[in-house]
Amino acid sequence: MSETPPDMVGKALLLLTLLGDYPDGASLSEVARRAGFPLSTAHRLAAALVRDGYACVDETSRRYSLGLQVFSLASRVAHRHGFAGSALPVLRRLADQTSESALMSVLDGQHQLYVHHVQGRHSVSVSGEPGRRGPLHCTSMGKVLIAFAGEAEGKELVEDLELTAFSPHTIVDREQFRDEIRSVRDHGYAIADEEHEAGIRAIGVPVKNLDGVTIAAVSVAAPAYRVSREKLLDYLPALEVAARELTILLPPR
């Protein structure tokens, strides 16, 4: 039986998603293996994506990468949600005030989607890549997005989220994780102390719309050798001001 169009659409979207993990391009065999597709299917999908500008291929290396049509769509989405123009000046000011990197993310299923990153002024600072997905349970913004999600969604994430160990400090015990999220909710902010990446600390707060619904999270992240856990709390007032500004600037979702 031949595949129906929705099957092929889903596979094409998965192929695009996987290509996003390879900024320098990837061989089609590698992407097909990760997707679980026959190479012939991957070739057929890739040809259509290249034809329509959603992917491109280097004719010499035969490595595939995302095309400009994806950038165009992403730019429209960013503009629609206020991420392109409204949020960036606020994060730049936050990075300037703290001298450390400022980041913003939104909830995307059981992950967070990074939508902005502004580099700190130090020569050594935390970097981030907008458009990439990251874990929720071991980052300051991820914990905030769980703690201040809707009641049903937040409870489901607390109970069902896979607690993958990214470092020796990652919380992987379910009861300890429940306690952590309760603490975040009580205090109004979250700290990640070398839980996702060794040597990185961060503090994050929720961004809520005028109805009190959480629409994003913002954080300040810094190398652990320069910023102690206690020092992170010095950034909290600036973070809270930034979150209030974003409440006004970002369109409702």
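Colleague: How many of the eight residues of strand β4 (residues 101-108) are buried?

Modeller: Six of the eight, so β4 is largely enclosed by the rest of the structure. Buried means under 20% relative accessible area, with exposed over 50% and partly exposed in between, using a 1.4 Å probe and protein chains only. Keep in mind that this is a predicted model: local features need pLDDT of at least 70, side-chain atom pairs count only at pLDDT 80 or more, and totals for chains, interfaces and linings use all residues. Residues are numbered from 1 along each chain as its sequence is written, and side-chain values use heavy atoms, with hydrogens and water left out.

Colleague: Which strands does β4 pair with?

Modeller: On one hand there's β9 (residues 214-223), joined to β4 by five bridges and running antiparallel. On the other there's β5 (residues 111-118), also antiparallel, with seven bridges. Two strands pair if DSSP finds at least two bridges between them. The strands themselves (E, at least two residues) and the helices (H or I, at least four) are DSSP runs, numbered from the N terminus.

Colleague: Which residues are the bridge partners there?

Modeller: Ala 102 has Val 220 in β9 as its partner, while Ser 105 stands opposite Tyr 114 in β5.

Colleague: And what sits between β4 and β5?

Modeller: Two residues, because the strands form a hairpin; Gly 109 in that turn has a positive phi of about 65 degrees.

Colleague: Switching topic: what is the strand order in the open sheet of three strands?

Modeller: The order is β1-β3-β2, with antiparallel pairing. β1 and β2 stand at the edges with a single partner strand each, so one side of each has no neighbour in the sheet.

Colleague: How many bridges hold β3 to β1 and to β2?

Modeller: Two join β1 (residues 26-27) to β3 (residues 63-66), and three join β2 (residues 55-57) to β3. Ser 27 is partnered by Arg 63.

Colleague: Which residue takes a positive phi in the hairpin of β2 and β3?

Modeller: Arg 62, with a phi near 60 degrees; that hairpin has five residues between the strands.

Colleague: What lies across β2 and β3?

Modeller: Helix α3 (residues 39-51), running at about 105 degrees to β2. Axes are lines fitted to C-alpha atoms, for helices over the stretch in contact, and angles run from 0 to 180 degrees between N-to-C directions. Contact means heavy atoms within 4.5 Å.

Colleague: Now α8. Which of its residues are buried?

Modeller: Phe 177, Glu 180, Ile 181 and Val 184 are buried. They cover an arc of only 95 degrees around the axis, which puts them on the same side of α8. That arc is taken from the directions from the helix axis to the C-beta atoms.

Colleague: What do they pack against?

Modeller: Against α6 (140-147), α7 (151-160) and β7 (190-193).

Colleague: What happens at the start of α8 and just after it?

Modeller: At the start, a side-chain oxygen of Asp 173 reaches to within 3.2 Å of the backbone nitrogen of Glu 175. Just after the helix, Gly 188 takes a positive phi of about 85 degrees.

Colleague: Last one: how many helices and strands does the chain have?

Modeller: The chain has 10 helices and nine strands, and 45% of its 253 residues count as buried.

Terms used. A polar contact is a pair of N or O atoms within 3.5 Å; within protein, one must be able to donate a hydrogen and the other to accept it, and residues adjacent in sequence count only if both atoms are side-chain atoms.
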